[in-house]
Amino acid sequence: MSPKPKNTPHRVLLSLPTDLYETISRVSAAMEKPRAEIIRDLLSEQQPILEHMATMLEQAKAGKLDQAMKGWKKMTGEALKGLGVIMNPPELKKPKLKS
C-alpha cells in the first residue's frame with residue numbers, strides 16, 4: 001500500500017453505487033493501488049475545475065451573474081479545447097511470468 005500523502009489530514013466518508021465501486025475496484029486491482037488512492041488521484045486531477053466551479057457558484061449566489069457566466073464560458077471553452085488533446089494511456093507493465 002502506498003503511503004498517505006503528508007498534506008492530506010482530512011478524511012471523507014463516501015457511499016458509492018455498486019457499479020462505481022466495482023469499476024474503481026477493477027482499476028485498483030489493475031494498477032495495484034488502493035481504491036482510496038485511485039479516488040484521491042481522480043479528485044486531485046479535478047481540483048482546478050472544482051475551484052473554478054466554486055468561484056462561479058459563489059458569484060452567482062452573490063448576484064454577480066455576469067461574472068459567473070463569463071467564468072462558465074471560459075471553463076466550457078477550455079473543456080472543449082481539451083477534447084482535441086490526445087490522451088496518453090498510463091504506462092503499462094508486462095505481467096511477470098510465474099515459474
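This tour moves through the structure one selection at a time and says what is found at each stop.

The structure is a predicted model, in which local features need pLDDT of at least 70 and side-chain atom pairs count only at pLDDT 80 or more, while totals for chains, interfaces and linings use all residues. Residues are numbered from 1 along each chain as its sequence is written, and side-chain values use heavy atoms, with hydrogens and water left out.

**The whole chain**

Begin with everything shown as a cartoon, where the protein has three helices and zero strands, these elements being DSSP runs numbered from the N terminus (H or I of at least four residues for helices, E of at least two for strands). Read from the N terminus on, the order is α-α-α. Of the 99 residues in the protein, 10% are buried, where buried means under 20% relative accessible area, exposed means over 50%, and partly exposed lies in between (1.4 Å probe, protein chains only).

**Helices α1 and α2**

Next, select residues 18–31, which form helix α1, together with residues 35–61, which form helix α2. Two packed helices are described by the angle between their axes and the distance between the axes. Here the axes come within 9 Å and cross at roughly 105°, the axes being lines fitted to C-alpha atoms, for helices over the stretch in contact, with angles running from 0 to 180 degrees between N-to-C directions. The two helices α1 and α2 are therefore roughly perpendicular to each other, a description used for angles of 65 to 115 degrees, whereas those under 35 count as roughly parallel, those over 145 as roughly antiparallel and the rest as oblique. To see the contact itself (heavy atoms within 4.5 Å), show the side chains of Tyr21, Ile24, Ser25, Val27, Ser28 and Met31 from α1 and of Arg35, Ile38 and Ile39 from α2.

Keep Tyr21 selected, since this residue of α1 is partly exposed at 38% relative accessible area. Together with Val12, Leu14, Leu16 and Leu20, Tyr21 makes a nonpolar surface patch of about 450 Å². Patches are made of residues with over 30% relative accessible area and no salt bridge, like charges being joined within 9 Å and nonpolar side chains (Val, Leu, Ile, Met, Phe, Trp, Tyr) within 5 Å.

**The loop and the salt bridges**

Move on to Glu32, which is found in the loop between α1 and α2. Glu32 has a positive phi of about 55° although it is not a glycine, and at 73% relative accessibility Glu32 counts as exposed.

Now select Lys33, Glu37 and Asp41, which are linked in a network of salt bridges, a salt bridge being a side-chain nitrogen of Lys or Arg within 4 Å of a carboxyl oxygen of Asp or Glu. In the Glu37 and Lys33 pair the closest N and O atoms are 3.8 Å apart, and in the Asp41 and Lys33 pair they are 3.7 Å apart. A search of the whole structure finds two salt bridges. Glu37 counts as buried at 11% relative accessibility, whereas Lys33 is partly exposed at 26% and Asp41 is partly exposed at 29%.

For the last stop, select Ile49, which is found in helix α2 and is partly exposed at 40% relative accessibility. Ala79 counts as partly exposed at 47% relative accessibility.

Definitions and conventions: Accessible areas come from the Shrake-Rupley method with a 1.4 Å probe; for residues, only the protein chains shown count as cover.
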